[in-house]
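Here is my note on the model, point by point. Please have the viewer open while reading.

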Amino acid sequence: MKNTHRESARVALVLCLATILAACATPGEVPVQAKTSAESAITSAEAADARQFEPVLLNRARNKVADAQQLIAAEEFGKAERLLEQATVDAKLAAARAETAQARNAAEEIDRSIDQLRQRLNAAQP
Amino acid sequence: MIRRLLISCSTIVLGALLAACAGTPPQNASIEAARAAYQAIADDPYVARSGASQLRQSEQALKRAESLLKQDAETEKVEHSAYLANRYAEIAAERGHRARLQEQIATAEKRREQLSLQAESLKAERARSEARQAQTEAQRARAEAERLKSEMEALQATQTPRGMVLTLGDVLFDLDKADLKSAGLRTVERLAQFMEEYPERRVRIEGYTDSTGPDDYNLGLSERRAQAVRDALMQEGIDSSRVEVKGFGEQYPVASNDSASGRQQNRRVEIVISDEEGTINTR
């Protein structure tokens, strides 16, 4: 009776180890971190008004995340991770470009107001 | 002999070929592009200031791409690292652009502040000078009014709803005649001086009589007396366009015609002085 118990416990242990090993043996893991990074990069880009200034690049990043999702479903984790990394840098670039565009607009606006002031001053001075 | 030579020859050629192959580092267009993008901004001070971590990420990805290529890794992995290297270089470049723009904005804001301060002080200066001008103007107008008042007092003019009115009494004319006595002429001289000083002012000379005698005669006499005053003014050099004449006969008495003194008061010439625009209120 005792013997059978010990035997089944051993079998369970072996099975368990085998499962763990099998999990490790599959090609990589689900790229959770890469996905989180890509999504947060897209959120940041949206907050930086990339939807207005860089809609094409932002969409590309979004599409890459969607494609990566499908690759994850197909257990192609390596490819998925690479796509997610690309989506991340695409979104970051979209955000950076949007911020530059806004800075450029601000610079132009201030230049315009300087011109106006200067004209007013010139007109006022005899 | 020849065979040995051929063998050694081909060995040399093969060796050279192998050496050539081994010497050339593996090439990849994406890596080249990424390296160019990285090198273009590696020494940009604005990128160094605000895109340092992205520049570093670009460099790391570039190194990874190069080593993957050397290790003969899958093309996809090499391209991927090159892609990341290129993107990070682009992000760093954008951050550099933005830093440059922000610096320009800061400078421009200072300039704008200076200009608006200048505009403010100019505005204030103009307001001050306008106030000064208004004050001088007001002072001048007050002085003018004072002077006018004293001149009017000298002329013994009185303020009426029709304006300033100067009355030449009956005693300044010969009885039933339109000739001014010398005292009347002196008054007219003073009026002429006044009109020369205030060229914008005009006068209307109105003749009145008492109710004694026929209306036609009285009307005629009042007109003649008024005209006599106008003639005297013109003799003093006042332009006829500044003088209107009107005879009212026995209309508008100022006193009762029942007494002698009342009738004397009614026999008069009134000189109505216009306002500054030359307007005279008619009866």
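1. Burial first. A residue is buried if 20 or more other C-beta atoms lie within 10 Å of its own, exposed if 12 or fewer, and partly exposed in between, with C-beta atoms placed from the backbone. On that count, buried residues make up 30% of the 283 residues in chain B. For chain A, 30% of the 126 residues count as buried.

2. Ground rules. This is a predicted model, in which local features need pLDDT of at least 70, side-chain atom pairs count only at pLDDT 80 or more, and totals for chains, interfaces and linings use all residues. Residues are numbered from 1 along each chain as its sequence is written, while chains are lettered from A and ligands numbered from 1 in the order in which they are written.

3. Elements. Helices (H or I, at least four residues) and strands (E, at least two) are DSSP runs, numbered from the N terminus. Chain A has five helices and zero strands. Its elements run α-α-α-α-α from the N terminus on. Chain B has eight helices and five strands. Along the sequence, chain B reads α-α-α-α-α-β-β-α-β-α-β-α-β.

4. Contacts. Two residues are in contact if their C-beta atoms, placed from the backbone, lie within 7 Å. In chain A, take the contacts between residues at least 6 apart in sequence: 75% join residues at least 24 apart. In chain B, residues 24 or more positions apart account for 72% of the contacts with a separation of 6 or more.

5. The interface. How many residues of chain B are in contact with chain A? There are 24, and they touch 24 residues of chain A. By class, the chain B side has 10 nonpolar, six polar and eight charged residues. Here Ala, Val, Leu, Ile, Met, Phe, Trp, Tyr, Cys and Pro count as nonpolar, Asp, Glu, Lys and Arg as charged, and the others, Gly among them, as polar.

6. The sheet of chain B. Five strands form an open, mixed sheet in the order β1-β2-β5-β3-β4. β1 and β4 (243-247) of chain B are the edge strands, each pairing on one side only. The twist averages 25° from one strand to the next. Helix α7(B) packs on this sheet and touches β2, β3, β4 and β5 of chain B. The direction of α7(B) makes about 165° with that of β4(B). For such angles, axes are lines fitted to C-alpha atoms, for helices over the stretch in contact, and angles run from 0 to 180 degrees between N-to-C directions.

7. Strand pairing. Two strands pair if DSSP finds at least two bridges between them. β1(B), residues 157-160, and β2(B) are antiparallel over four bridges. They form a hairpin with two residues between them. T160(B) has G163(B) in β2(B) as its bridge partner. β3(B) and β4(B) are parallel over five bridges, with V203(B) bridged to V243(B) in β4(B).

8. Strand β5(B). β2(B) and β5(B) pair antiparallel over six bridges. V165(B) stands opposite V272(B), and L168(B) opposite V269(B). β3(B) and β5(B) also pair antiparallel over six bridges, and Y208(B) has R268(B) as its bridge partner. Why is β5(B) largely enclosed by the rest of the structure? Six of its six residues are buried. On one side these are R268(B), E270(B) and V272(B); on the other they are V269(B), I271(B) and I273(B).

9. A buried glutamate. E66(B) lies in helix α4(B), residues 52-70. E66(B) counts as buried because it has 20 C-beta neighbours inside 10 Å. The C-alpha atoms of E66(B) and I31(B) are separated by 7.3 Å, with the two residues 35 apart along the chain.
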